[in-house]
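Good morning, and thank you for coming.

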Amino acid sequence: MDHQFYPPARGDAAPLVFGYYDLGATTVYAASADPRFHYCLYVPPGYQAGATPAEILVVVHGSPRTFMDFRDQFADFAEAQQVVVVCPLFPVGLGDDAKGDDYKYLSQGGIRYDEVLLGIVEDVRRRYALAAPTFGLFGFSGGAQFANRFLLLQPQHLWAASLGAPGSVTLVDDGQDWWVGTRDIAACFGRPLDRAALRQVPVQLLVGAEDLDGREITHREGGRFWMAGANQAGASRPERLETLRRSLVAAGLAVAHEVIAGAGHDAAPAIRHAKPYLAEQLARHRAATLATTTP
């Protein structure tokens, strides 16, 4: 189908032209900076460039790569909050990434996954004429590992972050090297830990009370991401998230921490609990933006 949607233009600007699959649950796009990576969106069907300012929420998949399902679970949030939901796909098998875990650690095999995401977000800004300099970030399981580390490395890009049940965590800890801690973050990524920017990002931590199986998350010597201290944050996801909470609070962040009764390793309860938190933080972000831009 080649149906077109023409949103009103601002002033004398030429109208943006959207295809049939560019609104609502969109098609899958290739990232312009690196077409090995893809993404899909949920764009409120009534979106109009220049109307109510739309914000961006990035939602990052876990190891099964069900990125379109994650997009669909945030469709109601996108419409209610006037948000464009961006769901990247980090495929398995790039370089030596046979198990598909590299994206969780941001940099491996010559790929900077944080920069891939920033490029995707910039693609979305251009396509939809979005004046949204920062974005919200949600990740579940492997996606929460990505979100944890993106938060530490790129906090200036975020208005909030919500992490659901990461298997391994990176602490704000200058006594240990990356990825367990942050001592050598500048050597690894060419930029120091920006503690002032980090303290500006509100963070939500979510985990199921029954998410206790530690077999998948236990690092073993000789593994791709093995290093000293790899398992010291705890034996289960709840234990590791509590260790991360203490680390972030000690670094000066405002952290909401919730253990979801009756939930195991399941994205749906985490998403349900993330939505009201993200809506609250989005309202605060919009109010703060309005206060700084209103004469």
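The protein chain has a mean pLDDT of 92, with 92% of its residues at 70 or more; pLDDT is the predictor's confidence in each residue, from 0 to 100. This is a predicted model, in which local features need pLDDT of at least 70 and side-chain atom pairs count only at pLDDT 80 or more, while totals for chains, interfaces and linings use all residues. Residues are numbered from 1 along each chain as its sequence is written, and side-chain values use heavy atoms, with hydrogens and water left out.

Over residues 1-13, pLDDT stays under 50, and the model has 28 contacts there beyond four places in sequence; a contact means heavy atoms within 4.5 Å. Where pLDDT is low, the predicted coordinates should not be read in detail.

I turn now to the helices. Helices (H or I, at least four residues) and strands (E, at least two) are DSSP runs, numbered from the N terminus. At what angle do the axes of α3 and α4 cross? The axes of α3, residues 113-128, and α4, residues 142-153, cross at roughly 85 degrees and come within 10 Å. Such axes are lines fitted to C-alpha atoms, for helices over the stretch in contact, and angles run from 0 to 180 degrees between N-to-C directions. The angle therefore makes α3 roughly perpendicular to α4, a term that covers 65 to 115 degrees. On the α3 side, the contact is made by Tyr 113, Asp 114, Leu 117 and Leu 118, and on the α4 side by Phe 146, Phe 150 and Leu 153.

Helix α4 is also a partner of α7, whose buried residues pack against α4, β10 (158-164), β11 (203-208) and β12 (255-260). Buried means under 20% relative accessible area, exposed over 50%, and partly exposed in between (1.4 Å probe, protein chains only). Among the buried residues of α7 are Arg 237, Leu 241, Leu 244 and Leu 248. Just after α7, Gly 252 takes a positive phi of about 100 degrees.

Finally, two loop residues. Ser 141 lies in the loop between β9 (135-140) and α4, and counts as buried because its relative accessibility is 12%. Beyond its neighbours within four places in sequence, Ser 141 is in contact with residues including Arg 237 and His 265. Val 17, in the loop between β1 (4-5) and β2 (18-19), counts as partly exposed at 44% relative accessibility. Val 17 and Tyr 128 are 111 residues apart in sequence, and their C-alpha atoms are 9.3 Å apart in space.

How values were computed
Parallel < 35°, antiparallel > 145°, perpendicular 65-115°, else oblique.
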